[in-house]
Amino acid sequence: MITLATIAVTVLVHVVHADAPKTAADYAADPALMIDAYRHVEAASVSDAIEQLLHEKRYMSHHMQAIFPTKFAGTALTVKLVKEENHDANALSGMLKAIDSGGQGSVYVMTVEDGADIAGMGGLMGTAMFSRGFAGAIIDGGVRDLPQLKKIGFPVYSTGPVPSTSVSHYRFGGMNLPVVCDGVKVSPQDIIVADQDGVVVVPRDKAPEVLVLAQHLDDSEHSMYPFIEKFHSIEEAVKQFGRI
């Protein structure tokens, strides 16, 4: 006989099960769930988790700035531009093909050789990425057409705005190959996490473990804010939560 008490217990069991924290194995088995979870953790916590687990620096420097405050995560689609003066109309065609090969959740990661004063991308490329569902772009080089990029709300990190062009000055050097972007190695399908604190690159094979620790670090820090506000002591908060 089914009673109200039985129903209540059943509902409670289901609620507890639904709210149970995900494990690294859960995320490894469901990449889409993992990417979505990365969208909700802070880049700083991801960086700390990588340092604790891998003992590596995987964050980009202060030189990499966003054109507007943003937060996103996705999988790296890498592109390399090589400095070379040319009059070849097809010198950059591979760059455009790379954009059209990406899709929902892709993050366009481009290195522009000696490109601080060269716009690696602009409004046309950003509009194409936006229309294809890219999460954002990381350009180790300049960016231009900021009014259009801001109008459509497409997030871009770069070394700064410049009005120049790469046309006739650069050649496509390849896509979906390992690149070094602002001093950090990025391989295709690595996880890119970006927010107002900066950009972090998570090695794909370590992404589930890094995510679980980053979530734990996030939870600890967010619990400390009300503790500090109530007790007016950061020393006591660190003793209580072990996080700074």
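1. Confidence. The model is predicted, and the protein chain averages a pLDDT of 90, with 87% of the residues scoring at least 70. Where pLDDT is low, the predicted coordinates should not be read in detail.

2. Overall make-up. The protein chain holds nine helices and 13 strands. Of its 244 residues, 45% are buried. Among contacts with a separation of 6 or more, 74% join residues 24 or more positions apart. The accessible surface is about 12,900 Å², and carbon and sulfur atoms account for 58% of that area.

3. Three-stranded sheet. Strands β4, β6 and β8 form an open sheet in the order β4-β6-β8, with parallel pairing. β4 (119-121) and β8 (160-161) are the edge strands; each has a single partner strand, so one side of each lacks a neighbour in the sheet.

4. The β4-β6 pairing. β4 pairs with β6 (residues 142-143) in the parallel sense over two bridges. Met121 has Val143 in β6 as its bridge partner. Strands of a sheet pair through backbone hydrogen bonds, either parallel or antiparallel.

5. Helix α3. Within α3 (residues 31-38), the buried residues include Met34, Ile35, Ala37 and Tyr38. These four lie on the same side of α3, because the arc they cover around the axis is only 160°. An α-helix has 3.6 residues a turn, so residues three or four places apart point the same way.

Conventions: Residues numbered from 1 in each chain as written. Predicted model: local features only at pLDDT ≥ 70, side-chain atom pairs only at ≥ 80, totals over all residues. Heavy atoms only, no water. Pairing = 2+ DSSP bridges. Buried < 20%, exposed > 50% of the residue type's maximum accessible area, 1.4 Å probe, protein only. Arc of directions from axis to C-beta. pLDDT = per-residue confidence, 0-100. Contact = heavy atoms within 4.5 Å. Areas by Shrake-Rupley, 256 points an atom, 1.4 Å probe, with all protein chains shown as cover.
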